[in-house]
Amino acid sequence: MNKIAILTSGGDSPGMNAAVRAVTRAGINFGYEVIGIRYGYRGLIEGDFVDIRSSDVSGIIQRGGTILKTARSERFMSAEGRAIAANNLKEHGVDTLIVIGGDGTFRGATVIAAEHKIRVVGIPATIDNDLIGSDETIGYDTALNTAMEAIDKIRDTADAHDRLFFIEVMGRHTGFIALETGLASGAEMIILPEEIKNIDEIKSSLSEILKVHERSTLIVVAEGDEAGGATKICGQLEKDFSKYDMRVCILGHIQRGGSPTAHDRVLASRLGYEAVKAIHEGKSEVMVGVINNECKITPLQETFGKIKKVNLDLLSMARILR
Ligand code: F6P
């Protein structure tokens, strides 16, 4: 019987479990044996393999995190580590690997596929939404909603005290979460890595906002922002805006947890199924994604490396609507 191995790697994202469930059940349906690899590439190197049956993925569609666990593996970055990983796959009679993760995961998959003739298919799952080849990645919608709800709560306390808050959201290289949560929560200012501003520009924009704005003020900052994240920006503004009561709130890893939204569960189910279908059709070194609500296949190496663009028109609109 043909075997498919599946792993989750890099930062977890809500909906990974729904994708594992979909791959398992679609795989079994297509006649494959499904093997789970725990702890991502680290587990691939350490031989942490487990058989997955249909019943093993019962009751996980609604759970955040990943039942397969995840890790970031330094060792997999070396040729020696990848050779051990490839050998472990071969010893288990597996030549096909489905990887669920983000850009680092896909980089690793591309290299092991080329070096060791392993068939790989990627499923995009990262809250950062920074992969080309899918309008959205699994977990992004949940992270947006988690961050938005948190920002709504900060608005209540900010309003009560007439305070100015710098709220940092995740997004290592891109500002997808900052842009959409900023817009959805009616933030007065959104600072993105895609629109690099120096501190003087930030000061003058803030002064303009505060001239007409008398209530609480929320500034959503993407963690990856070149200006240096919320803490640094706030520190640099303290002197000039000393009459304001300022606070910093870093939302951090709460954005990665929680039960996936319906949107992420459906996306993960579709992509898990499509990944198995792609394998069944003999495809390899591709990522499955959804573009304009249709499932699409993109060569794996085209999905990372280039920056996926945020819609800066939304930023202009947010400035009019604030
Ligand atoms: O890539 C997902 C992500 O959550 C980024 O937004 C963030 O910069 C990073 O992972 C945090 O990684 P770690 O959990 O290893 O601290």
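How many nonpolar, polar and charged residues are there in the lining of the second largest pocket? In this predicted model, that lining splits into four nonpolar, three polar and three charged residues.

Now for the largest pocket. Here the volume comes to about 610 Å³, and 31 residues make up the lining. Nearest the centre of this pocket sit Gly10, Arg72, Gly104, Thr105 and Arg172. Sorted by class, the lining of the largest pocket holds eight nonpolar, twelve polar and eleven charged residues. Helix H4 (residues 103-116) is the top contributor, giving six residues to the lining of the largest pocket.

The chain falls into domain 1 (3-139 + 260-302) and domain 2 (142-257). Taken over C-alpha atoms, the centres of domain 1 and domain 2 are 34 Å apart. As for how they meet, 14 residues of domain 1 touch 13 residues of domain 2. Both domains also have a hand in the largest pocket, since its lining takes at least three residues from domain 1 and at least three from domain 2.

Next comes a pair of helices. Helix H7 (residues 199-212) packs against helix H8 (residues 229-237) at an angle of about 70°, and their axes lie 11 Å apart. Because angles of 65 to 115 degrees count as roughly perpendicular, H7 is described as roughly perpendicular to H8. On the H7 side, the contact is made by Ile199, Ile202, Lys203 and Leu206. Helix H8 answers with Ile233, Gln236 and Leu237. In terms of class, this contact between H7 and H8 brings together five nonpolar residues, one polar residue and one charged residue.

Lining the largest cavity are Ala187, Glu188, Met189, Ile190, Leu315, Ala318, Arg319 and Arg322. Two elements each give two or more residues to this lining, namely strand E7 (189-191) and helix H10 (312-321). Of the elements involved, H10 gives the most to the lining of the largest cavity, with three residues. By class, the cavity lining has five nonpolar and three charged residues, with no polar ones.

Definitions and conventions
Residues numbered from 1 in each chain as written. Predicted model: local features only at pLDDT ≥ 70, side-chain atom pairs only at ≥ 80, totals over all residues. Heavy atoms only, no water. 1 Å grid on protein atoms, 1.4 Å probe; cavity = no way out; pocket = protein on both sides within 12 Å on 5 of 7 lines; lining within 4 Å. Points joined across faces, edges and corners; volume = space filled by probe spheres on them. Helix = DSSP H or I, 4+ residues; strand = E, 2+ residues; numbered from the N terminus. Nonpolar A, V, L, I, M, F, W, Y, C, P; charged D, E, K, R; others polar. Domains from an automatic or database assignment. Axes fitted to C-alpha atoms, helices over the stretch in contact; angles between N-to-C directions. Parallel < 35°, antiparallel > 145°, perpendicular 65-115°, else oblique. Contact = heavy atoms within 4.5 Å.
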